[in-house]
Structure formats: C-alpha cells, structure tokens
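Have the coordinates open as you read.

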Amino acid sequence: MQSVLEPSAAAAGPSWRERLAQAVPFLVLAPSLAATLIYVFVFTGWTLYISLSNSSLLPTYKFIGLKPYADLWANTRWNIAYHNLFIFSAFYVVGAMAVGLLLAIVIDQRVRGEAIWRTIFLYPLAVSFVVTGTVWSWLYTPDTGIQLFVRSLGWSNFTFALTTDRNLALYAIVITGIWQSSGFAMALFLAGLRSVDQDIIKAAQIDGAGVFRIYARVILPTIAPIFLAVMVVLLQFAIKTFDLAIALTNGGPGIATTFPAIYVYDLMFQRGQIAQGAAAAIMILAALAVVLVPYSLWLVWRKRREGKNG
Amino acid sequence: MSALTVHNLRKSFGAVEVLKGIDLEARNGEFVALVGPSGCGKSTLLAMIAGLESVTSGEIRIGERLVNSVAPKDRDIAMVFQSYALYPTMTVRENMLFGMESRKVPRPEQEATLARVAALLQIEALLKRKPGQLSGGQRQRVAMGRALVRDPKLFLFDEPLSNLDAKLRVDMRTEIKKLHHRVGKTTVYVTHDQVEAMTLASRIAVMHQGSVQQFDEPQRIYDHPANMFVAGFMGSPAMNFIPAELTTEGGKPALTIKLADGETATLALFDNVASRATSKQVILGIRPEHLSRYDPEARAQKPGMVSLHAPVELVEPTGAETIAVMRLGDLEIVGRFDPDEAPSMGEEILLGVDMAHACLFDPATRQLI
C-alpha cells in the first residue's frame, strides 16, 4: 500500500492522468484490502479478546485472562476434537494426495477419453460437503447402505458399519473426504505433470531411466512446489472440517467424531459459552498457523534464494 | 564402416508425410550435419534416430544393428537438446551422473568419468550448482557433458546453439568442433544455420520438404549445389538466379541475359555445360562473391571473367565486406565486394562475373545442369 501511495504523494505536480494512473491500483485493491483488514484482523483481534473475557451468553469485555482456555482444555470433548483434527488431517491429506497423484499419473499416460475421466474425478469437488456427507452417510448406515446391499446379494453375515463404530467412524469421514478432494489434487498434479518440459523426459529416456525412475527422480521433484501447494490447501480444508462431519456422523457415535469447528459452534450458539468458544476458535487459528506460517516463510525464503542466485 | 545408416526412411503423422524416403549414412567418427529450413523434417529425423519417434517405414541401423523398434535407452546414443533439457532439480553433478546411475555403472568409474568430462569441458567449478543458476553457455556445456559421460556410439545434437546469443554461438561452435576432434565420436547435428553446418560438418545433408536434397561434403555442396533449393539455402547472401538463354558467341557457347529496356548481354560460358542442357532456357546461378568490379588486368588470371553493366541500388557495408544490390533488367542481384573497391549508391558499375564459378540450372526441374 505504501509503495503505491508514496510516489503520487511525492511527485511534484504530475498531470491528473498520471495521478489517476498511479491511483488506479490502489483504488482497485482498496475494497478487498479494507474487507481483509476488518474481517480478518479486526475480528481475529476481537475473538482473541473475547476468548480472554468472561463472556457467556452474550459478549462482555471483562478481562479474566486465560481461564476460558483452561476450561476448554479441561474438557474431554475438546481434547477428543483436537486429537481427531490431527488424525483426520494426516490421513485425509496423505490419502487425497496419494490417490490424486496416482490418478494424475494414470491420466497422464494419454489415456483415451482423457477429458471424460478428468471430469469424472473432478466432479466430487462440485458437490457440497453437506450433500457428500448425506449421501455417504446413507452408504455407511448398515440398514440402508453397502451392508444391506451386500447382504441382499447373499452374504448374510457381511458387516460394514464404519459410522456406528466409535473407533472407526473417524476413518469413514477420512474416506469420504478423500473421495471428495482427490479429484482436486489430481487436477493440480495433472497440470503440473503437463507443465514438465517434454525434452527433459526424453533426455531421461535416452539416459536409460525406466518409467518409475523418470517419475521418481525427474518429473515429481520438478513439480515439488505443487505438492506443497496441494498439501497446504488440503490441510486448511481439513482444519475447517465442519459440514462433512455434521452431515455424515453429526459428531457421533457419541462424541467420537467431534471436530474443533463443531465444538466451537456448539459452545458459541448452543450452550452460551462464548468465551470458551472464542478460545477454541483461537486454537483452530493456532493449528492453521502451524501449517501456513512455515509455508509462507518457505515461499519467502525460496523467492529470496532465487533472487540471490539469479 | 558406417556408424549410422538410414535407408528409405519414411514418417507420416496421419495423412501428412513429413519424411519421404530418407537415405543417409555416417561413417565412423564422422560429423554429419542435417540442415534445412523450419519444417523440413530434420528434427523429426533426429528424433527417429534417437528412438523418440516411431518409424513409419524404412530402416535405421546404428552400427550393424537394426534399431527401428529399439527403445531410446538401448540404442547407445546420447543427445543434446535445443532446450538443453537439464534436470532442473538436480545439480550439475547429479545431472551428469544420472545416466550412469540409470545404467548401474560402478561408483568409482562414475566418479572418474565425471572428473574427466568436467575437466574436458572446464565445468568443474559448476558441479554443485543447479541449472537455474547457470548462464546459457554454461548450460550448453553441461548438456554436452551429460552426453559425453555416456561414451555412446552416436552423438545427436538438436540445434544446440540456437538459444545462445550470436557471439557465444560462434565460440561454442568452435568448441564443439574442437571437442569432436578430440573425442572423435560419430555425430549427427541438426541445425537451421547453414554456417554452422558448413563449419562443423564433414558431410552435410541439406533437407527440404521431407527429403534430402543433397548429401555431400560442405565445399562440394557450396560449389556444386544439386538444385536451386540447395544453391539458395547454402550461402549468405544467397546465390543470384538469373534467367538466361543458351546462345553462341564467336562459335563458342554463351549465355544471353535480358537487361533493362530490351537490351541484352552475352556472357561467354567457361566450360562445356551447354552440351548437357536439354533446353535453350536455363537459369544462371552466380554467388555474390563471384561478382566484382571488372578489372581488365585480372582477367588474365581469371579466364572465366566476363563483364556487365549494372546500376547500384543499395550498398550495405558490414565492415569486412560490402554488400551491394544491383539492378539487372527486372532482377536485383547481390554482390559481395572488398570495401576498398566497393561501388557507391547510384553508380553504374562495370561488373565482372566469374563464369568459372557459375552454375546452370534447368528452369523446369530446378536441378543443376
């Protein structure tokens, strides 16, 4: 912002055209900058303050320190939710990336009807998490879904009840999440694979490398930045997980698949514990920061290193 | 013995035939240049020799072995790409070792070869850098280094110098020539630059529209181009083509050419090409350096010299020589002069034409008579 403002302020009598030309970038950016400033930074600050207050049903501004955080961490359900978040994120991100990469590599072999396959795999992304969750919950429910279907084929002892098992319900959400997001990962990976210079691949062929070695040593390292970008996007999907879990298991069975976002909603709007809800929201922010801050630092570092080496 | 034999090679993409029966051969240790304008099929031919494009019909042999359907990695070739195609995530050292690692060459041998080639190309200081940190010329060296560590039967170069600036290109051209002398490997070199082809190659294949127009030693291609395409493509400024009619002058065969205002000029022919011509109409091909200011004294040394009046329309000094565009009837002809005797603009020059070096072409077939 400053760099945009300063030249026009410093210039001694440029024509109104020049002034306008200089002001245009700022004018165009101003609304989104203002929105970002207010909705991100001001409200984050507000939430942070509320999380240190004694707000209950309505926000109050009496500062009471870290007590809401202590209350939050004393709660079993929160601990399960935070624990779930890490398990879910790990399996979901790794799973979606692995499936996405595999699909991308298969499609990259110039398969027939490539556009059709690409659309099919990308399609789940167009479906909202609530719809996905609802449909998959029917599939998972023993009385209506896959179990019923397989039993109707004659395997009458077949059991498939992920969502009703408190130890497995989380993985039902993981699988559904992977189904939904692997197409997105595939699209990005495929774009990456297609951007690789064909000459490099030819050079590797002449160098005597097999297909596996060409992918492992030449192609995939070239698109490493895409891995990181996909990972960061998927991670922030994972950390925000709310509607998928609500629609699929509603946090159950019991509290087995509670996620922090669900818990925040609960505390804030169901139980009138605004301070604790804000504290929980700040913890989600912390989790996001753990992912995003190193990523942005890495981006800056890489840019600087490239700048230095030309 | 031939290191590479290409026999009646054809390539079609769908209905489009891009190579129409190529015959080519490279003797052991020879440097063969494939030269031609864009789209002549030279890069496709190279890719087929490398095994990167499939063969529609015909034969490719490396050594004695038919390699039509052999995978690139099993052809025992190394290739330098126009884009260099260095692996961007690997250091120079890893780039050069990659091929040997793929072929499971023993570690000590890998190190020894790397050290030898790095010294040969003077890139020892670059080994730890990544391609992104190298200049164009350095990348070019590394790309050659990656090919050299392989010790293959055949080296393939695909326009390796076209991404360099003019000065560096000339330097690298010299280096490649030296390198070929030292290493002595059979090389096939694709270029669109006829100067590169002339300077580097022991034999040149001039390609046009999917077929080899002429395959011969550089000087023979320059002096005796097989047809008007080769004549026009090789050499810069290009050869002048002047429509002419076979006549006789004092009992000896001569050429009559049209000048402005219905006037004609008669040029005595130096050798007895006239007997080979099938029609009266021919096209006289004369290179710019065989035009000069007519000097009656020099005529004694150059028996083929004849004279001609021509107004000078444009003069382009380049320093070492001066290019002049002159009018000859409806045609513009280009001459290459020593700056000391260069004509000035507007001058009506008495032009000496060195008929000893003239080529005659058949206007119908465009072939050399």
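Domain bounds here come from an automatic or database domain assignment. For chain B that assignment gives domain 1 (2-233) and domain 2 (240-361). Chain A is divided into domain 1 (1-44) and domain 2 (70-309).

A word on conventions before going on. This is a predicted model, in which local features need pLDDT of at least 70, side-chain atom pairs count only at pLDDT 80 or more, and totals for chains, interfaces and linings use all residues. Residues are numbered from 1 along each chain as its sequence is written, chains are lettered from A and ligands numbered from 1 in the order in which they are written, and side-chain values use heavy atoms, with hydrogens and water left out.

In chain B, the centres of domain 1 and domain 2, taken over C-alpha atoms, are separated by 39 Å. Eight residues from domain 1 of chain B and seven residues from domain 2 of chain B take part in their contact, where contact means heavy atoms within 4.5 Å. Between them these two domains bury about 670 Å², 64% of it on carbon and sulfur atoms; buried area is the accessible area (1.4 Å probe) that two parts lose on being put together, summed over both. On the side of domain 1 of chain B, Tyr222(B), Met228(B) and Ala231(B) supply 74% of the area buried against domain 2 of chain B, more than any other three residues. In chain A, the C-alpha centres of domain 1 and domain 2 lie 38 Å apart.

Which residues of chain A lose the most area to chain B? Chain A and chain B bury about 1,800 Å² between them, with 59% of it on carbon and sulfur atoms. The residues in question are Ile206(A), Asp207(A) and Arg217(A), together 37% of what the chain A side buries. The contact takes 18 residues from chain A and 24 from chain B.

Helices (H or I, at least four residues) and strands (E, at least two) are DSSP runs, numbered from the N terminus. Axes are lines fitted to C-alpha atoms, for helices over the stretch in contact, and angles run from 0 to 180 degrees between N-to-C directions.

| Helix pair | Angle | Axis distance |
|---|---|---|
| H4(A) (76-108) and H13(A) (260-270) | about 150 degrees | 8 Å |
| H5(A) (114-122) and H8(A) (169-195) | about 140 degrees | 8 Å |
| H9(A) (198-206) and H10(A) (211-222) | roughly 140 degrees | within 11 Å |

Angles under 35 degrees count as roughly parallel, over 145 as roughly antiparallel, 65 to 115 as roughly perpendicular and the rest as oblique. H4(A) and H13(A) are therefore roughly antiparallel, and H5(A) and H8(A) are therefore oblique.

Where H4(A) meets H13(A), the residues divide into seven nonpolar, no polar and two charged. Ala, Val, Leu, Ile, Met, Phe, Trp, Tyr, Cys and Pro count as nonpolar, Asp, Glu, Lys and Arg as charged, and the others, Gly among them, as polar. The contact of H5(A) with H8(A) has six nonpolar, one polar and three charged residues.

**Two backbone details in chain B**

The peptide bond from Ser236(B) to Pro237(B) is cis, with omega near -5 degrees. Pro237(B) is in the loop between helix H8 (228-233) and strand E11 (240-249) of chain B. Tyr84(B), a residue other than glycine, has a positive phi near 70 degrees, and lies in the loop between strand E6 (77-80) and helix H2 (92-102) of chain B.
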